[in-house]
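Here is a short briefing on a two-chain model.

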Amino acid sequence: MAGRLLTYLIKISWSVQNIAVAAVVALMTCLLVFMLLYMYVKSVREKKQHKWRMISDMLINKAIFYEDRDEIEDQILASVLEAAQKLIVNRYFRKFIAGELVSAKKNISGASADSLKQFYLQLGLDKYALKNLESRQWYVKAEAIQELTIMHTDEFIDQLHTHTNDKNEYVRMEAQAAMVQFKGFDGLDFLNSISYPLSNWQQIKLLQLLSLKPPSTINIDKWFKSDNNSVVIFALKLARNYHRFELHDAITECLDHENADVRYEAIRCLNEIYTDETADHLISRFLQQGLKHQVAIARAMQNVGSKKDELFLFDLLKHESDELKLHAARALANASKEGLLSLEKYSKESEEAISQILMHIKGENAA
Amino acid sequence: MSWQTFILHLFTYGILLYSIVILICYLLIGAFSIMETRSYLHKNSFTDYRMLASSTETPSMSILAPAYNEGPTIIENVRSLLSLHYHNLEVIIINDGSKDDSLERLIEAYSLYKADYFVNQRLKTKPVKGVYRSSNPVYRKLVVVDKENGGKADALNVGVNIARSDYFVCIDVDCVLEQDALLKLAKPFLEATTQRVIAAGGVVRIANSCEIEGGRLVKVNLPKQFLPRIQTLEYIRAFLLSRMAWTKLNGLLLISGAFGAFDREIVINCGGYNSKTVGEDMELVVRMRRYMEELGEPYKVAFIPDPLCWTEAPSTYRILGRQRNRWTRGTIETLRAHKKMFFNPSYGILGMLSYPYWFFFEFLAPIIEFFGTLGLIYYCFKYAVNWEAILIMIGVICLGILYSIFAIMMEVLTYHQYKQKRDILHLVLVAILEPFVFHPFVVWSAVVGNFDLLRKNNSWGEMTRAGFAPNKKI
């Protein structure tokens, strides 16, 4: 009985094996055909692109050397534009020419840039970009926003603004960057309404874009109350970068924020924006914080601490964390003229680590 | 039915089942890799790394480069590291008790002096003999640590103790990095909002026959020697397909020890690199993941498909054998240390997918292949030719070749480092030869690695390299 069952199972598995081998062969053939077909299509497209590049190069050239244009040049330009307009229905050409114009526009400014924008509008690429804003694919949408921003088509600001809280992070990043590029600090009004977090990457990007705009004294502290923690963090960074000393009290309030990252950023911010009372604020919150925040406070004390904080700092030297001890010792050395001497005296009566830390600080000061 | 026939069928159909599962895995890896690579390329097209390079808001990064007897090339290699594009950078060279004059060369070339430096011993290591800083402000980013020899893991732990940044990048000092490598590696950490990125890896490519000038890669060439060339294909397959697919699933277990970035806080909380294993790179990633799973915090291990790091591949069978032997022992040691996670649903993807995959298809595959082939040969000589098994074997080999060709296609369609058509043809030729020439040797080295582990041989194995001397093609 068992023998018959085994023979039956083997028969079945032999046919399974045949099917499996056939499937492998079929799959291999399909993959090979797909790869060859893909390579062929790619090479055909590359050949076409070679022709298209002549058109785009011509347009960019005419834009850059717009002053040298005479009647013959204008005729050539008209015929090139006409050829481009005929091809514009082809979506690959559209993508190609828009990409070329956009990358050229990034590197030029003034009248040449205006001329390039003119070609962009003449080809109706702005209409296609607007249409792409409705695409279901996030990268098509984000690309359209980037294109309209670089081409400085400020008549579409309202349409772009609607994407500042898009569910896709890249779409909203591009839309938010567009707002800042078009309107500078006023463009930050999207911070009032965004529900998604601003990544550190996006914050760096926005700060970088803002650094190219004239400084402004816009109302930042309203964002300290935002429900979106990343908005509070970004507002703290703005306050720190633009030295908004008048916001000191509002920043201090953020030390009691329920979110640990906000509290950490507030400590960093107070390291640069401080008054005589800052040290007291930090010390009073020290015990409620985790080690990371305590280290940040000890680090901040190097700037904001003074002789009156020596007792607190000496206490920190007894902490089990060597990192905390190191920052506390640095703060002590900076707290007053006699700070280093007091530290030396203390080190003679305490553990080995303190004397090593002292040597380290002396070395730093000497360097 | 005789017992011999029964065993034969069990053997044949067992191998068939194993092959079918591998085939399915390869198909899934291919599909996930396409998805992840497409997504990365789209995202990357919106990224301006120049912005990050000039920003003062970027997080600080410490490069940790352990060096052991690297005297002839260390000056150039350090110069290359110091020239990387990153605003907030610290370069820490750890001289792991070199017997040559590496330290003296560094002292002279970079005007180093022994500084009073407090080393925060958060990770236990062999004693530090001295910390050196440069008196020349041009080299203010440079820190050289001299320590007693303790192996790569111990040297990296010293680096972690010394580093001041929130993130550190460990590299092999003889690797050549792309100028924007750190910017690209920093991005995943900065982009994270809902998950904490605990580590990020980059693609390592083969630098043999490439043109290197002043510690920078000037021209990419396909290696002229056979072994490095075949490893080029192997690296493309591993990095562009496998690691991308695992990244898509957030199940990546390995970040190459040659180049990877880590969250320093998590590394310290996990206890740092394990100096008792020869696979310290994989073991650390697995331990970090396990730590995050046990903590219940959302996390991610990111991977960058851009070619960021170029390294010299072994060009002789002797050195290649040692390397593969060590990799095998490292894998087994890691799997053994974390066996608790094997099909353990409380570790999610890590326990249910990543670990079992490594167990069945990275650890067991060479053993099954080796003993399967031996068994087949024995049966054919002793009894009769087993055409069924031979057919399966041919199918698996063809599939392997096809998988390699698919990897070449992915390379051409994405990064296209080897521009000449001749190079692509050479790679395809290598893909066809690999199962017959290179693969059996790799399987054999892995089997020897298994035996060495059983015999408690835990040596690192000397890795002799030609090095990137100035203006030298390797």
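**Chain B: contacts and fold**

In chain B, 80% of the contacts between residues at least 6 apart in sequence join residues at least 24 apart; two residues are in contact if their C-beta atoms, placed from the backbone, lie within 7 Å. This is a predicted model: local features need pLDDT of at least 70, side-chain atom pairs count only at pLDDT 80 or more, and totals for chains, interfaces and linings use all residues. Residues are numbered from 1 along each chain as its sequence is written, while chains are lettered from A and ligands numbered from 1 in the order in which they are written.

- Chain B holds 14 helices and 13 strands; helices (H or I, at least four residues) and strands (E, at least two) are DSSP runs, numbered from the N terminus.
- The radius of gyration of chain B is 23 Å, close to the 23 Å from the globule rule for 474 residues, so chain B is as compact as a globular protein of that length. The radius is taken over C-alpha atoms, and the rule is 2.2 Å times the number of residues to the power 0.38.
- The C-alpha trace of chain B spans about 80 × 50 × 45 Å along its principal axes.
- Of the 474 residues in chain B, 46% are buried (20 or more other C-beta atoms within 10 Å of a residue's own, with C-beta atoms placed from the backbone).

**Chain A: fold**

- Chain A has 18 helices and 0 strands.
- Its radius of gyration is 32 Å, whereas a compact globule of 367 residues would have one near 21 Å.
- The C-alpha trace of chain A spans about 95 × 80 × 40 Å along its principal axes.
- Buried residues make up 34% of chain A.
- Of the contacts in chain A with a separation of 6 or more, 63% come from residues 24 or more positions apart.

**A helix pair in chain B**

- The axes of helix 3 (residues 71-82) of chain B and helix 4 (residues 102-109) of chain B come within 9 Å and cross at roughly 35°. Axes are lines fitted to C-alpha atoms, for helices over the stretch in contact, and angles run from 0 to 180 degrees between N-to-C directions.
- B:Gly71, B:Ile74, B:Ile75 and B:Val78 in helix 3 of chain B meet B:Ser102, B:Arg105, B:Leu106 and B:Ala109 in helix 4 of chain B.

**Confidence**

- The model has ipTM 0.87 and pTM 0.89.
- Chain B has a mean pLDDT of 90, with 96% of its residues at 70 or more; pLDDT is the predictor's confidence in each residue, from 0 to 100.
- Over residues 470-474 of chain B, pLDDT is below 50.

Terms used. Buried ≥ 20, exposed ≤ 12 C-beta atoms within 10 Å, placed from the backbone.
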